[in-house]
Amino acid sequence: MSCIFCDVAEGRTSARIIREADDLVAFYDINAQAPVHILVIPKRHIPTINDVKADDAVLIGKMVLLAREIMEEQGYDRKGYRLVMNCNNDGGQTVYHLHLHALAGRWMSWPPG
Ligand code: 5GP
Ligand code: ZN
């Protein structure tokens, strides 16, 4: 089955990549919802947060730390930012390859619409 984020991870489709690690890639979202909108994905295909296993705990932690590092690098650590992981339909998930959104550069309302 084709997966757009596997294509990004494996270099089959172009993306504005910010950082690549052994098991992760960070790149800019194609349809930014904030002045800065980054996605962090595992290279391995995991469809949703429901499919994450206990053994993946370190991987998920690394996703959060990489997003934090990029937010710091881009100067948003003090002003703040939002990390979001959407799950399935009601969560607003549209790409079924796990990803962490990092949004910054504007005030983000709560609760989300
Ligand atoms: P979701 O709604 O599943 O949480 O988020 C999927 C995100 O992936 C959306 O924000 C969407 O703009 C982004 N996206 C979808 N296709 C592509 C693509 O081909 N390249 C990039 N860079 N982002 C994409
Ligand atoms: Zn995938």
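## Helices and strands

The protein chain in this predicted model has three helices and five strands, read as DSSP runs (H or I of at least four residues for helices, E of at least two for strands) and numbered from the N terminus. Starting at the N terminus, their order is α-β-β-β-α-β-α-β.

## Overall shape

How does the radius of gyration fit a compact globule? For 113 residues such a globule would come near 13 Å, and the protein chain has 14 Å, which agrees. The radius is taken over C-alpha atoms, and the globule rule is 2.2 Å times the number of residues to the power 0.38. Along its principal axes, the C-alpha trace spans about 40 × 30 × 30 Å.

## Inside the fold

Of the 113 residues, 36% are buried, meaning under 20% relative accessible area with a 1.4 Å probe, protein chains only. A nonpolar core joins buried Ala, Val, Leu, Ile, Met, Phe, Trp, Tyr and Cys residues through side-chain atoms within 4.5 Å. The largest one has 18 residues, and Ile-38 and Met-71 are among those with the most contacts inside it. Strands E2 (24-28), E3 (36-42) and E5 (100-104) and helix H2 (57-73) each supply at least two of its residues. H2 gives the largest share, seven residues.

Apart from this core lies another, of ten residues, including Ala-9 and Leu-39.

Residues are numbered from 1 along each chain as written, and chains are lettered from A and ligands numbered from 1 in written order. Local features need pLDDT of at least 70 and side-chain atom pairs 80 or more, while totals for chains, interfaces and linings use all residues; side-chain values use heavy atoms, leaving out hydrogens and water.

Terms used:
Buried means under 20% relative accessible area, exposed over 50%, partly exposed in between (1.4 Å probe, protein chains only).
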